[in-house]
Amino acid sequence: MPGRLYESTWGRLFAALYDRGLAATEEAGLRDRRRALLAGARGPTLEIGAGTGLNVPHYGPGISELVLTEPGEHMAARLREKPAAARADAVVAAPAERLPFPDARFETVVGTLVLCTIPDPAAALAEVARVLRPGGRLLFLEHVRSPEPRIARWQDRLMAPWRLIGDGCHCNRDTLAAITASPLEVEHVEDGTMPKAPAIVRPLIQGAAVRPAD
Ligand SMILES: C[S@@+](CC[C@H](N)C(=O)[O-])C[C@H]1O[C@@H](n2cnc3c(N)ncnc32)[C@H](O)[C@@H]1O
């Protein structure tokens, strides 16, 4: 396990390099995916693990409120200094496993490239379901475990070093299975690839899961 000093030093550097490190991937198509996903956001909207705020410019006129959560102090500092963050009604330092909001508070929850990093994705998805109104949606865009056994084996082998350099990211998670096992119902999902990314983080899923009516 990495020590606290490593985590805090690398966490600061990871946040500082995040936008630059992702720039070629965003340019080659990830930004378009974010925009397409967020076009579906409606009403009071919560984003979990918002990072440096790369989604914020892409929210459309369909949302009535935007609340961003980000538990990492270095990511949150980068997020708060961005002009786009002014668009948010609130930036809250909270992990997705313990969301400080009442039941059924939001119509949309957004999570992008985040269920790979959250320590307890099942707890986070239960919280997402709790804060969504019946009929409300989780919009997700996540890199996931490859359906190809050869790549999945490399994801398993490289998980530990990748987690160290990826600030807690697990490259081998079957996130669609986690969403399917949660109280949410997958409404639609499409497979894709993360352009200009290493093979172990290339497989993507993008879609929506709904909180069933009570
Ligand atoms: C790879 S970054 C993705 C950032 C952003 N969502 C994006 O699409 O660019 C992963 C993010 O998950 C955040 N994170 C880590 N643990 C978390 C938790 N327990 N709950 C919510 N977010 C968490 C990290 O601080 C980081 O901002």
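This is a predicted model: local features need pLDDT of at least 70, side-chain atom pairs count only at pLDDT 80 or more; totals for chains, interfaces and linings use all residues.
Trainee: In what order do the seven strands sit in the open sheet?
Mentor: The order is E3-E2-E1-E4-E5-E7-E6, with mixed pairing. Strands here are DSSP runs of E with at least two residues, helices are runs of H or I with at least four, and both are numbered from the N terminus. Two strands count as paired if DSSP finds at least two bridges between them.
Trainee: Which strands stand at the edges?
Mentor: Strand E3 (90–92) and strand E6 (185–193) do; each has a single partner strand, so one side of each is left without a neighbour in the sheet. From one strand to the next the twist averages 15°, using lines fitted to C-alpha atoms as axes and angles from 0 to 180 degrees between N-to-C directions.
Trainee: And in what sense do E6 and E7 pair?
Mentor: Antiparallel, over eight bridges, with E7 covering residues 203–210. His-188 has Ala-208 in E7 as its bridge partner.
Trainee: OK, new topic: how many residues surround the ligand?
Mentor: There are 17, and the closest are Tyr-18, Gly-49, Glu-70, Glu-97 and Thr-112; the cut-off is a heavy atom within 4 Å. The shell divides into ten nonpolar, four polar and three charged residues, where Ala, Val, Leu, Ile, Met, Phe, Trp, Tyr, Cys and Pro count as nonpolar, Asp, Glu, Lys and Arg as charged, and the others, Gly among them, as polar.
Trainee: What lies 2.8 Å from a nitrogen atom of the ligand?
Mentor: A polar side-chain atom of Glu-97. Ligand oxygen comes up too: one such atom is 2.6 Å from an N or O atom in the side chain of Glu-70, and a polar side-chain atom of Thr-112 lies 2.6 Å from an oxygen atom of the ligand.
Trainee: How many helices are there in the protein?
Mentor: Five, along with the seven strands. From the N terminus on, the elements run α-β-β-α-β-β-α-β-α-α-β-β.

Technical notes
Residues are numbered from 1 along each chain as its sequence is written. Side-chain values use heavy atoms; hydrogens and water are left out. A polar contact is a pair of N or O atoms within 3.5 Å; within protein, one must be able to donate a hydrogen and the other to accept it, and residues adjacent in sequence count only if both atoms are side-chain atoms.
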